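Take a guided walk through one chain.

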Amino acid sequence: MRHRHGYRKLGRTSAHRAALLKNMSIALIENGKIETTLPKAKELRSYVEKLITTARKGDSNAHRAVFASLQSKEAVKKLMNEVAPEYKERNGGYTRIIKTRTRRGDASPMAFIELV
């Protein structure tokens, strides 16, 4: 049973899952909006919102913590200088998931995830 289980495994090992979430969050921060499968979008939402909440503090420790998760100087710079200051007064809910279509090849439900 899955009751109160904390996260989706997405059919990957833990290292592969961590790399997937890191790469998708970099793409989301740099582009503002990406299309992916619905379960990946739902899992990415939690990952990115925690990063944005950390980045909102704006100090050097927050910068280090965000860089430890993303490992991308450009994405961290954009997150700290452009994205996080927009959400200073907002209490969570930094992303929006919009269901779009069913993928033709494997009938996966697709969705856009974007920064609000």
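This is a predicted model: local features need pLDDT of at least 70, side-chain atom pairs count only at pLDDT 80 or more; totals for chains, interfaces and linings use all residues.

Residues are numbered from 1 along each chain as its sequence is written, and side-chain values use heavy atoms, with hydrogens and water left out.

Begin with strand β3. Helices (H or I, at least four residues) and strands (E, at least two) are DSSP runs, numbered from the N terminus. Two strands pair if DSSP finds at least two bridges between them. β3 pairs with β1 (residues 33-37) in the antiparallel sense, over five bridges. Within that pairing, Glu 35 has Phe 112 as its bridge partner. β3 also pairs with β2, again antiparallel, over six bridges. There, Thr 102 stands opposite Pro 109. Six residues separate the strands in the β2 and β3 hairpin, and Ala 107 takes a positive phi near 60° in it.

Is β3 enclosed or open? Five of its seven residues are buried, so β3 is largely enclosed by the rest of the structure. Buried means under 20% relative accessible area, exposed over 50%, and partly exposed in between (1.4 Å probe, protein chains only).

In soluble globular proteins, nonpolar side chains tend to be buried together. Look at Ile 52: leaving aside residues up to four places away in sequence, Ile 52 is in contact (heavy atoms within 4.5 Å) with Leu 79, Val 83, Ala 84, Tyr 87, Tyr 94 and Leu 115.

Now turn to Thr 95, in strand β2 (residues 95-102). Thr 95 counts as buried because its relative accessibility is 10%. Its side chain makes a polar contact with the side chain of Glu 49 at 2.8 Å. A polar contact is a pair of N or O atoms within 3.5 Å; within protein, one must be able to donate a hydrogen and the other to accept it, and residues adjacent in sequence count only if both atoms are side-chain atoms.

Next come the charges. A salt bridge is a side-chain nitrogen of Lys or Arg within 4 Å of a carboxyl oxygen of Asp or Glu. By this rule the count is five. Lys 33, Arg 96 and Glu 114 are linked in a network of salt bridges. Lys 33 meets Glu 114 at 3.8 Å, N to O. This pair joins β1 to β3 across 81 residues. Glu 114 also bridges to Arg 96, with the closest N and O atoms 2.8 Å apart. Glu 114 is buried at 12% relative accessible area, while Arg 96 is partly exposed at 39%.

Finally, the backbone. Most residues other than glycine have a negative phi, and most peptide bonds are trans. Arg 4 has a positive phi near 60°, and Leu 10 has one of about 60°. Arg 4 is exposed at 84%; Leu 10 is buried at 19%.
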